[in-house]
Amino acid sequence: MTTRGVLYIHSAPRAMCPHVEWAVAGVLGLRVQLDWIRQPASPGTWRAEVSWKGRAGTASKIASALRGWQMLRFEVTAEPCPTAEGERYSATPDLGIFHAVTGMNGDILVPEDRLRAALARAQEGETVLAAEVAKLLGKPWDDELEPFRYAGEGAPVRWLHQVV
């Protein structure tokens, strides 16, 4: 079963750009050449966007291929398909990687065990419930990435299809 999604590279140093392309090509099984443009939110860095089509689980593989690369900010999304929920991955150098399952309309679906754990930590005084819910929804990542998203409005997007 196939799905489609988008990879947003919000900021990458110029020297890292070919490595990002190679990593994504390794996942998709085809040559990838992204249209890199300067990232005004972080001078000296570049940004790119690419839409992809592939098997369910491709977003996870792309995120895994890019995770842990310091100085790289990215997001990968996948739409739901008949065999899998949608996904969203966000990554920043300071926060690491965030993963969420998304429903048909793009809402984040939080598993009940994670909600119960957040409630328990709040009831024990370890944290504030609002802060825990914000983390479950990826708010710290959204807050950090928003200036980079805004700076990319109007950027060109290209479609890539995974070799199946």
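Here is a short chat about the strands and helices of a predicted model.

Biologist: Before we start, what should I know about this model and its numbering?

Modeller: It is a predicted model, where local features need pLDDT of at least 70, side-chain atom pairs count only at pLDDT 80 or more, and totals for chains, interfaces and linings use all residues. Side-chain values use heavy atoms, leaving out hydrogens and water, and residues are numbered from 1 along each chain as its sequence is written.

Biologist: How many bridges pair β5 with β6?

Modeller: Strands here are DSSP runs of E with at least two residues, helices are runs of H or I with at least four, and both are numbered from the N terminus. Two strands pair if DSSP finds at least two bridges between them. β5 (residues 86-92) and β6 (residues 96-102) form a hairpin with three residues between them. They pair in the antiparallel sense, and the number of bridges is seven.

Biologist: Which residue of β6 is the bridge partner of A91?

Modeller: Look along β6, the strand that pairs with β5. There, A91 has as its partner I97.

Biologist: And which residue of β7 stands opposite T102?

Modeller: β6 runs antiparallel to β7 (residues 108-109), and two bridges join them. In their hairpin, five residues lie between the strands, and G106 among them takes a positive phi near 95°. Opposite T102 stands I108.

Biologist: Are α3 and α4 roughly parallel or roughly antiparallel?

Modeller: Axes are lines fitted to C-alpha atoms, for helices over the stretch in contact, and angles run from 0 to 180 degrees between N-to-C directions. α3 and α4 (residues 129-136) pack at about 155°, with axes 9 Å apart. Angles under 35 degrees count as roughly parallel, over 145 as roughly antiparallel, 65 to 115 as roughly perpendicular and the rest as oblique. So α3 and α4 are roughly antiparallel.

Biologist: Which residues of α2 make the contact with α1?

Modeller: The axes of α1 (residues 17-28) and α2 (residues 58-66) come within 9 Å and cross at roughly 145°. Contact means heavy atoms within 4.5 Å. α1 brings V20, A23, V24, V27 and L28, while α2 brings T58, K61, I62, A65 and L66.
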